[in-house]
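Subject: Structure handover

Hello,

Here is the structure I promised to pass on. Please open it alongside this email; my notes follow below.

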Amino acid sequence: MTMERKKSKFLYDFLPGATFNHSETNLSGLIGYVNQDYDDRGQPITPNLPSQYIFRRVKRHASKWDNWEQMDFNETAIDIIQPGSANFEVFPRVFACGNCGTANQFHYNDVKDFTGTGNTINCERCGDALHDHHQMRFAAVCSCGQIQDILVPDHCGTGMEFRESGVKLSDSYWRCTNPGCDYTKDFHGGKCLNATCDRNDLRTLPHSASTTFYPQTQTLVNVRQDLDTLHTNDRFQVEIVSDYLLDDSELGEPDPDTVMDLAMDLLQQGEAESNEEARKMAKERLEVDITEHRDETAAFLRDVFDEQEQVKLSEELFEYLSITNDSYDEADYIYSYTFEELQSGAIDTHLESDQIDEYITERDRRNLSQVRLVKNFPITTVTYGYTRLSPEPTGGFGGDETPDDDAVPPALNLFRSGEWAEGQIFARTNDAEAVVLSLDKTAVREWVSENFTGELAIDDLDRWFLSQVTDPGRFGTIDPETDPVSRAVYTLLHTYSHAVIDAIGALSGYGRESLVEHLLPRTLSTVIYKRADTDYSLGSIFTLFEERFLDVMAQIEEAEFCTYDTICRTDHNCACEDCLFLSNITCANSNNNLSRSVLFGGPFDNEEINGFL
């Protein structure tokens, strides 16, 4: 059966291997494969994306999984698809009869045409009609990636019924339906049917439980074809870093008013004999020698970064410049502005001048150097695989469950349209409304000096943060012993981002999973945007920050408190599910490197520190 939904939902929810509840019936299903999107003329849509760049970025995430070496992950074996619709099958295939209670276990062919409405299947014991609401909602799930029907045991040949004896699913059991038999059997999923699986962690869960399916995604900003060559083009990398280190005013012609002021000084000091000579000298002194700056930047990169880190740095700065520097928006497509641009009159606004002044004052008070509102943030979401029971490459099977001592880390599974088909990566570029928040570098340096390093003598803050702050990636935790500055700064940015997401959710009506963060740690910036696959819109990030910026900043204070204090403070470094944790889709760092203490003061990494706010 084929299903169509909002196209962007095929990047998160309706993916091969995921289960779902049908919106029009009570029937549940399992996505078999996702179809390529087609345009209005019926032609397949091929994403115009730089494949090498995407594969390179995805590999950094995917290679963290233990089974990475066994996976055939290369451009020749995997297609990048823009998804448009999906095929699904009825799942789970166990139905409990409403008349006699017998659990009927069907095969794929028995129920492949069952839609839940209009046609029926029948109980194998009493012949009564079975409908969609008789479908049992349990599945057996293994960390290898297998999902299968629960195994209904057999006894007396009359059938078994499912009985719940308590709140926990583990207290449930099977009971023989023969009136003269009192046989019972513990409820469990059975044995993993994946022939290559040697694990011992098959678990029975509601098929819709969050732990049964975790999509693994990567988000990219302003993806362009020329990024395919970025990793081999040193000159391109140097230009990006150099442009970031230069002020916008230094990249183009010097400001005419500044030129005139300097020209007047040169005339008064007798260094120039005419107005024309004075203006020429002033312009030459104010112009930055771009070639010289590029050479200096290249030397800086050679001294500080290895080849791989230089590539990662240039990728991050490219994304930042795409939002903040018009020259990186080749199509002149991204519409954004800052409070300063509103204040100067460069952007038309209905806001009063006094209100904008209040916004800038509050921004400065919250130690932010920039608040940028983005109307059409170009975000490319790439979904490259899935895992079960845990979203992370190491440990833990999610929730309150603890894996057995002999359990191995969950396996990453690639998407395929069939058992022997090529692998698939699903990608789609959407416009999103977003806000970019940048921490004030001077304030961050002072906070770091006060709490972690003592007084610092720094000539160039931009270069210092580029060299000191690392990006731990999707799953990493920064070691406070070996990298205390990066640990502190990254945690500060990450925590600030989560506090703002919670504030936006509280004031706009967006749920936590509707918002996503995209961290650019070396620039001390976070981009918070709305997921394109959320169908509802109870508020606008763009409008919220424009109309109620003061309220958003005030709402951040709510992040200081946690229901589980003092346990959260003493045992969890002031970060837990109640106060700071967000969903796996929303959070860029799997809820690592977080602490309320970096914002408001308190215990952090076994030390008492002062807060940033």
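Helix α11 passes helix α12 in a left-handed crossing. Left-handed here means that the near helix is turned anticlockwise from the far one by less than a right angle; clockwise would be right-handed. This is a predicted model: local features need pLDDT of at least 70, side-chain atom pairs count only at pLDDT 80 or more, and totals for chains, interfaces and linings use all residues. Residues are numbered from 1 along each chain as its sequence is written, and side-chain values use heavy atoms, with hydrogens and water left out.

Back to the helices. α11 covers residues 441–453 and α12 covers 461–468. They pack at an angle of about 60°, with their axes 10 Å apart. That makes α11 oblique to α12. (Under 35 degrees is roughly parallel, over 145 roughly antiparallel, 65 to 115 roughly perpendicular, and the rest oblique. Axes are lines fitted to C-alpha atoms, for helices over the stretch in contact; angles run from 0 to 180 degrees between N-to-C directions.) Lys 441, Thr 442, Val 444 and Arg 445 of α11 meet Leu 461, Asp 462 and Phe 465 of α12. Contact means heavy atoms within 4.5 Å. Helices (H or I, at least four residues) and strands (E, at least two) are DSSP runs, numbered from the N terminus.

Next, Thr 495. This residue lies in helix α13, residues 484–508. Thr 495 counts as buried because its relative accessibility is 0%. (Buried is under 20% relative accessible area, exposed over 50%, partly exposed in between, with a 1.4 Å probe and protein chains only.) A polar atom of the Thr 495 side chain lies 3.1 Å from the backbone nitrogen of Ser 595. Leaving aside neighbours within four places in sequence, Thr 495 touches residues including Leu 580, Asn 593, Leu 594 and Ser 595.

Now the strands. Two strands pair if DSSP finds at least two bridges between them. Strands β2 (19–21) and β3 (28–36) pair antiparallel over three bridges. A hairpin of six residues joins them. Thr 19 has Leu 30 in β3 as its bridge partner. Seven bridges join β3 to β5 (83–90), also antiparallel. Asn 35 stands opposite Ser 85 in β5.

Last, an open sheet. Its three strands run in the order β12-β13-β14, with antiparallel pairing. β12 (160–163) and β14 (184–186) are the edges, each pairing on one side only. Neighbouring strands are turned by 30° against each other on average, direction ignored. β13 (173–176) and β14 share three bridges. Arg 175 stands opposite Thr 184 in β14.

Best wishes

Notes. A polar contact is a pair of N or O atoms within 3.5 Å; within protein, one must be able to donate a hydrogen and the other to accept it, and residues adjacent in sequence count only if both atoms are side-chain atoms.
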